[in-house]
Amino acid sequence: MEPAFYRGDVLFVWNRADVFEVGEIAVCWFKGRPLPMVHRIVQRMPDVHMETWKAAGGNESIAPSVPAIPQYQYLTKGDNNDRDDVPLYPPGQLYVKRSEIIGTIKGYVPYAGWVTILLSEHPWLKTAVFGAVGSFSLLRRRPKTTQKISG
């Protein structure tokens with residue numbers, strides 16, 4: 001999510017909140033997608049299905065699977081984008097569900113992920129690095145130690 005984060009930054013994700021606030025940066029992962037999306041929450045809407053259920057007189061004793069915590073759907077937008085992320089959501093979906101949010105970003109370390117990226121994108125580099133480390137550890141000379149015996 002440039003300009004806040006760049007490829008190769010390590011992100012610290014927090015997933016303890018039941019409800020997220022507008023302005024927080026969410027990590028969303030949609031089923032069937034290879035990578036998560038990291039974008040800012042720009043709008044929070046009550047879950048229409050939950051509101052409809054409540055309006056129809058639903059309660060916890062009838063549907064214990066429905067949590068007492070307020071349910072929301074979220075609209076996200078990348079900081080560098082002109083419009084919201086609806087075209088990036090699965091077809092027919094207008095908001096991100098809580099179940100699709102892995103968590104929110106609480107911190108990051110710039111560039112710390114580049115080692116992993118380079119090693120996974122260039123297998124020959126992984127072989128070269130591990131081969132060099134292995135060779136170094138096998139071929140290095142150990143200093144002779146002398147022990148003084150006092151008596």
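User: Which residues make up the largest nonpolar core?

Analyst: In this predicted model, local features need pLDDT of at least 70 and side-chain atom pairs count only at pLDDT 80 or more, whereas totals for chains, interfaces and linings use all residues. Residues are numbered from 1 along each chain as its sequence is written, and side-chain values use heavy atoms, with hydrogens and water left out. A nonpolar core is a set of buried Ala, Val, Leu, Ile, Met, Phe, Trp, Tyr and Cys residues joined through side-chain atoms within 4.5 Å, where buried means under 20% relative accessible area, exposed over 50% and partly exposed in between, with a 1.4 Å probe and protein chains only. The largest core has eleven residues: F20, A26, C28, F30, M37, I41, Y74, L75, Y89, V96 and I101.

User: Which strands each supply at least two residues of this core?

Analyst: Strands here are DSSP runs of E with at least two residues, as helices are runs of H or I with at least four, numbered from the N terminus. At least two residues of the core come from each of β2 (25-28), β3 (37-46) and β4 (72-77).

User: Which residues does I101 touch, leaving out those up to four places away in sequence?

Analyst: I101 is one of the residues of the largest core. With contact taken as heavy atoms within 4.5 Å, I101 touches N15, F20, A26, V27, C28, Y74 and V96.

User: With which side chains does the side chain of T76 make polar contacts?

Analyst: T76 has its place in strand β4 and counts as buried because its relative accessible area is 0%. A polar contact is a pair of N or O atoms within 3.5 Å; within protein, one must be able to donate a hydrogen and the other to accept it, and residues adjacent in sequence count only if both atoms are side-chain atoms. At 2.7 Å, one partner is the side chain of D85, and at 2.8 Å another is the side chain of Y89.

User: Is V10 buried or partly exposed?

Analyst: V10 is found in strand β1 (residues 10-14), and it touches G107, Y108, V109, A112 and G113, not counting residues up to four places away in sequence. Because its relative accessibility is 30%, V10 counts as partly exposed.

User: How far apart are the C-alpha atoms of V10 and P110?

Analyst: Along the chain, V10 and P110 are 100 residues apart. The separation of their C-alpha atoms is 6.4 Å.
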